[in-house]
Amino acid sequence: MYEIVIIGAGTAGLTAAVYGCRAGRRVLLLEENIYGGQIVNAAEVENYPGIPQISGFEFAENLYRQATELGAEFRYEKVHKIEVQGKEKTVVTNRQKYTAKAVILATGAKNRHLGIAREEELIGKGVSYCAACDGAFYRGRDVAVVGGGNTALEDAQFLAGICRSVYLIHRRKHFRGEDRLLQKLRKKENVHLVLDSEVVGLEGEERLAFVAVRRTDTKEEQILPVAGLFIAIGQIPDNHAFSSLVNLDENGYIQALEDCRTSAEGIFAAGDCRTKEVRQLATAAADGAVAALAACRAEDDV
């Protein structure tokens, strides 16, 4: 019997573990892939309060160490479902079952794909969703980034430092990302903005060699000779395993307000997997703290 089971070990889940352990609860963290979540892919983090600059990997490593040293148990297991009997929850994984008084869903989100021909085929052969992970393979070569948010701008900034040229492709004229990041890019001679355009084709035999881009207004197409395409067009939640238990919105996010409570008693949602206006590192950490303290109060009421 655990007092709190946390599903997902990203920033929200790890922060929840810290707060749960500090409250004296027995906490179990379950993670399918790697702890830290999406932030481990960030070469630099510069927007977390109190830490002017840190790598995403180091941030995740510090948070993981803090949680486990406080007593959080950690296991790599995939959660298939949650069974509810009264106020008791049973978390069913690919290995075993765990009983909990409260559950925190912190499953985050996964990278959104373009959905065009040959995209899946060329993953790892020129197509990537993580510039920090794969950028070094394209040192001194021409690459492209597609997207208009902070991640796309940060990826282009990172790649501009190691690649010969970087094409930043965005389907609109204006970017959603921070103007500060955009102004940095505009000063780099090897960064080329391809606006009002979208990627419509991927060409190359065994590896990516060209990207076909079409203007959204004139429908005119051009071919960009690039060795790598880094896709940064947002994320989508992965909450299907809990769709019969908690309410989801039309986009698949768990419906939970600022108190992180879901429609199911004793089950909370924290981080990018829930409905929210702002999805940033700081808000993920805030969610983790709120959800853990709410779970402690719920557990006390059982």
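Predicted model: local features only at pLDDT ≥ 70, side-chain atom pairs only at ≥ 80, totals over all residues.
Residues are numbered from 1 along each chain as its sequence is written, and side-chain values use heavy atoms, with hydrogens and water left out.

Start with the overall build: the protein has 6 helices and 17 strands, taken as DSSP runs numbered from the N terminus (helices H or I, at least four residues; strands E, at least two). Its radius of gyration, 21 Å, is close to the 19 Å that the globule rule gives for 302 residues, so the protein is as compact as a globular protein of that length. That radius is taken over C-alpha atoms, and the rule is 2.2 Å times the number of residues to the power 0.38.

Now look at the open sheet where three strands run in the order β12-β13-β14 with antiparallel pairing; strands pair if DSSP finds at least two bridges between them. β12 (197-203) and β14 (221-225) are at the edges with a single partner strand each, so one side of each has no neighbour in the sheet. β13 (residues 210-215) and β14 share 5 bridges, and Val 211 has Leu 224 in β14 as its bridge partner.

Finally, find Arg 25 in the loop between α1 (11-22) and β2 (27-31). Arg 25 is buried, at a relative accessible area of 17% (buried means under 20%, exposed over 50%, partly exposed in between, with a 1.4 Å probe and protein chains only). The side chain of Arg 25 reaches the backbone oxygen of Cys 296 at 3.3 Å.

Methods: Polar contact = N/O pair within 3.5 Å; in protein donor to acceptor, adjacent residues only side chain to side chain.
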